[in-house]
Amino acid sequence: MPTLRWTTVSTPAPGTEAFVMASRFEVRSLKDVPRFFLKSLAAWKQVSGAPGAYGASLIAQPLKRTFWTLSAWEGKDALYRYARTEPHRSIMVGLRPTTKSSTFTFWQVPAADLPVDWADARRRLAEQDRTGA
C-alpha cells in the first residue's frame with residue numbers, strides 16, 4: 001500500500017487549533033487507478049506550498065481502487081482556498097467521472113496534537129459513511 005507519510009508544511013503557533021480534513025475516494029475500475037494516483041500526487045504536492053497548510057498525508061490502495069487523504073489547515077478558509085486553486089481545482093473536476101464514491105469529514109484539534117492519527121481519521125470517515133452526518 002503506497003503511503004506518503006505525514007509531511008509537515010508549516011508549524012502552527014502554540015495554543016492554536018487546526019482544521020482537519022480526511023477523505024476517501026473509490027475509483028470505478030482498476031484502469032482508472034494509475035491516472036487517479038498520478039493526479040492525486042500532483043494535488044498532494046501542491047499542499048506543500050499552500051498558504052495555511054500545516055501538513056498532509058496520502059494512502060493509496062490500488063488493488064482496492066481506494067485513495068485516502070488527510071490534511072490539517074489553519075482554518076476552513078485556508079482549506080477551501082487550496083481546493084479552489086489550480087491545479088487542485090481542475091484535477092478534482094477532471095477526476096469526477098472516474099470516481100465511484102467519495103467521503104469527506106472535517107474536525108478541529110489542538111495544533112499541538114498534529115500529526116493526526118490515521119486510525120482516528122478512518123474511524124471518522126467510517127462514521128460519516130454510516131450516518132451521512
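Reader: What should I know before I start?
Author: The model is predicted: local features need pLDDT of at least 70, side-chain atom pairs count only at pLDDT 80 or more, and totals for chains, interfaces and linings use all residues. Residues are numbered from 1 along each chain as its sequence is written, and side-chain values use heavy atoms, with hydrogens and water left out.

Reader: How are helices and strands named, and where is D32 found?
Author: Helices (H or I, at least four residues) and strands (E, at least two) are DSSP runs, numbered from the N terminus. D32 sits in the loop between β2 (17-27) and α1 (33-47).

Reader: Is D32 buried or exposed?
Author: Buried means under 20% relative accessible area, exposed over 50%, and partly exposed in between (1.4 Å probe, protein chains only). D32 has a relative accessible area of 13%, so D32 is buried.

Reader: Which residues does D32 touch, not counting residues up to four places away in sequence?
Author: Contact means heavy atoms within 4.5 Å. On that basis, and leaving out residues up to four places away in sequence, D32 touches V27 and T98.

Reader: How is a pair of aromatic rings described?
Author: A pair of aromatic rings is described by the distance of the centres and the angle of the planes. Rings of Phe, Tyr and Trp (its six-membered ring) pair if their centres lie within 6.5 Å; planes under 30 degrees apart count as stacked, over 60 as edge-to-face and the rest as tilted. By this rule the count is six aromatic pairs. One of them joins F25 and F104: edge-to-face, 5.4 Å centre to centre, with 85° between the planes. This pair links distant parts of the chain, with F25 in strand β2 and F104 in strand β5 (residues 99-110), 79 residues apart.

Reader: Which residues form one aromatic cluster with F25 and F104?
Author: The cluster is made of F25, F36, F37, F67 and F104. F25 counts as buried, at 11% relative accessibility. F104 is partly exposed, with a relative accessible area of 35%.

Reader: Which residues form a nonpolar patch on the surface?
Author: Patches are made of residues with over 30% relative accessible area and no salt bridge: like charges are joined within 9 Å, nonpolar side chains (Val, Leu, Ile, Met, Phe, Trp, Tyr) within 5 Å. Accessible areas come from the Shrake-Rupley method with a 1.4 Å probe; for residues, only the protein chains shown count as cover. Here Y80, F104 and F106 form a nonpolar patch, with about 250 Å² of accessible area together.

Reader: What lies over the face of W68?
Author: A charge sits over a ring if NZ of Lys or CZ of Arg is within 6 Å of the ring centre and within 35 degrees of the ring normal. R122 lies over the face of W68, at 4.2 Å from the ring centre.

Reader: Which residues are linked with E26 in a network of salt bridges?
Author: The network links E26, R65 and K100. E26 forms a salt bridge with R65, the closest N and O atoms being 2.7 Å apart. E26 lies in strand β2 and R65 in the loop between β3 (53-61) and β4 (66-73), so this pair ties together parts that are 39 residues apart in sequence. Both E26 and R65 are buried. The side chains of E26 and K100 also meet in a salt bridge, at 3.7 Å, N to O. K100 lies in strand β5 and E26 in strand β2, so this pair ties together parts that are 74 residues apart in sequence.

Reader: What is the phi of R65?
Author: R65 has a positive phi of about 60°, although R65 is not a glycine.

Key. A salt bridge is a side-chain nitrogen of Lys or Arg within 4 Å of a carboxyl oxygen of Asp or Glu.
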